[in-house]
Amino acid sequence: MKPHGPIPDGFAADADGMLLIGGQRADALVEDAGDTPLFVYDGRMLTDRVAEWRAAMPAEVQLHYAMKANPHAPLLALMASLVDGLDVASGGELAAALASGMNAEDISFAGPGKRDRELEAAIVSGATLNLESAGEAERALSIGARLGIAPHLAVRVNPDFDLKGSGMKMGGGAKPFGVDAAEVPVLVRRLIDAGAKWRGFHIFAGSQALDAQAIADTQAQTVALAARLARDIGATPPLVNLGGGMGVPYFPGDRDVDIAAIGAALAATLADRDAILADSGFAMELGRWLVAGAGVYLTRVVDRKTSHGETFLVTDGGLHHQLAASGNFGTVIRRNYPVAVANRFGVEPVETVSVVGCLCTPLDRLGDQVALPRADVDDLVAIFQAGAYGATASPSAFLGQGPAREMLV
Ligand SMILES: *Cc1c(COP(=O)(O)O)cnc(C)c1O
């Protein structure tokens, strides 16, 4: 038997043992949606999560949602109404962010390899481009000059440090992201001299970290770096985007990150900041931490079989919707996501089974030798922490099974 990750707080069953999501029975949600596989996102949990963040963080820090974690339009519209800004990473996401109702001034566009038409769309809309290189800066300036619009430009800094313990390192050393810190002052002066509207710095050192101390240390380093760069430039950045980094517990032994500790440390860091940042605004951009826990992936058992003594629950879902749960999205060692039998939620486990998907590849394993209550054909299996990097980060065209349904409740 191998353990599975912790079921997020806030989920319960009704008297029949049926998992409730947003107060509704999982089987009723599947019926409303028409079929499994289905991602359900609990809007109340999203609202509560944003409130939890605001209660923990200094009031002067803005919250941005990094929409690549989950761009499902109804969820995006809800998030846009709750947060202070959206961070996008493609022209497609920019269009979705503008359609969500967020003000263009509160949208920032990061990501390497922005094409001219994407730069132009951002400049026309008034969104901020987080520049990833000197070459991209020159293209943005010339597009702005051609259109007669002063582009809103921030510089993404590749810091000289990374976020300790992060699942994905986005800074430190040679990276495709951002401009090396040593080259930033010259570039920013160039932007200001060319008449662009300089919006500040974007410094994103890593993501999926659970260690509050490591996040707090990185934020302190980030503020210090922003101050050093601002002194070199001789100008105050209007906004310092501190990145994010806060992860969620996916695996056995993982714990929720202590956001109260991060908030307290950040308050102290900001209170002590260099005078050149006195009038700067600050933001954090979060994807996963905001939305992962509110999502549940529901899939139905199609077959139950035994092979060489191992019991398999074969479901109608799989890695084409939940690549990360199969261990094939940014993890080195395959471990089990939080998983449950949705119609026997909270019931004691009685057997060890492997939950697999319907794809004809051995990679398609959603739960490896996990202890679960008895499940048979037609029962529902739930995978938790499915609100981020689920449907959007999975190869839904693979094997012609089609995309999953998605629903915000
Ligand atoms: C992906 C990304 C994020 C969000 O990361 P999470 O781990 O989902 O919080 C934030 N900022 C940038 C620049 C990103 O690329």
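A quick definition to start: a polar contact is a pair of N or O atoms within 3.5 Å; within protein, one has to be able to donate a hydrogen and the other to accept it, and residues adjacent in sequence count only if both atoms are side-chain atoms. With that in hand, look at Glu-285, where a polar side-chain atom lies 2.8 Å from a nitrogen atom of the ligand.

Some housekeeping before I go on. This is a predicted model, where local features need pLDDT of at least 70 and side-chain atom pairs count only at pLDDT 80 or more, while totals for chains, interfaces and linings use all residues. Residues are numbered from 1 along each chain as its sequence is written, and side-chain values use heavy atoms, with hydrogens and water left out.

Okay, back to the ligand. Lys-68 has a polar side-chain atom 2.8 Å from a ligand oxygen atom, and the side chain of Tyr-389 puts an N or O atom 2.5 Å from an oxygen atom of the ligand. How much of the ligand's accessible area does the protein cover? It covers 92% of the 380 Å² that the ligand has on its own, going by the Shrake-Rupley method with a 1.4 Å probe (for residues, only the protein chains shown count as cover). The residues around the ligand, meaning those with a heavy atom within 4 Å of it, include Ala-66, His-202, Phe-204, Ser-207 and Arg-288.

Now the aromatics. Rings of Phe, Tyr and Trp (for Trp, the six-membered ring) pair if their centres lie within 6.5 Å; planes under 30 degrees apart are stacked, over 60 edge-to-face, and the rest tilted. By this rule we get nine aromatic pairs. Take Phe-39 and Tyr-297: the ring centres are 4.7 Å apart and the planes sit at 35°, so we call the pair tilted. Phe-39 is in strand E4 (residues 38–41) and Tyr-297 in strand E16 (residues 295–307), so to speak distant parts of the chain, 258 residues apart. Strands here are DSSP runs of at least two residues (E), helices runs of at least four (H or I), numbered from the N terminus.

Buried means under 20%, exposed over 50%, and partly exposed is in between (1.4 Å probe, protein chains only).

Another tilted pair is Phe-345 with Phe-384, because their centres are 5.9 Å apart and their planes at 45°. Both of these are buried, and together with Phe-11 they form one aromatic cluster.

There's also a charge over a ring, which needs NZ of Lys or CZ of Arg within 6 Å of the ring centre and within 35 degrees of the ring normal. Arg-49 lies over the face of Trp-289, 3.7 Å from the ring centre, and Lys-114 lies over Phe-109 at 5.5 Å.

Next up, Met-407, in strand E22. It's buried, with a relative accessible area of 16%. Beyond its neighbours within four places in sequence, Met-407 is in contact (heavy atoms within 4.5 Å) with residues including Leu-29, His-72 and our friend Phe-39.

Last one: Arg-273, in the loop between helix H9 (259–271) and strand E15 (281–286). Arg-273 is buried at 17%. Which side chain does it join through a polar contact? That's Glu-60, at 3.4 Å.
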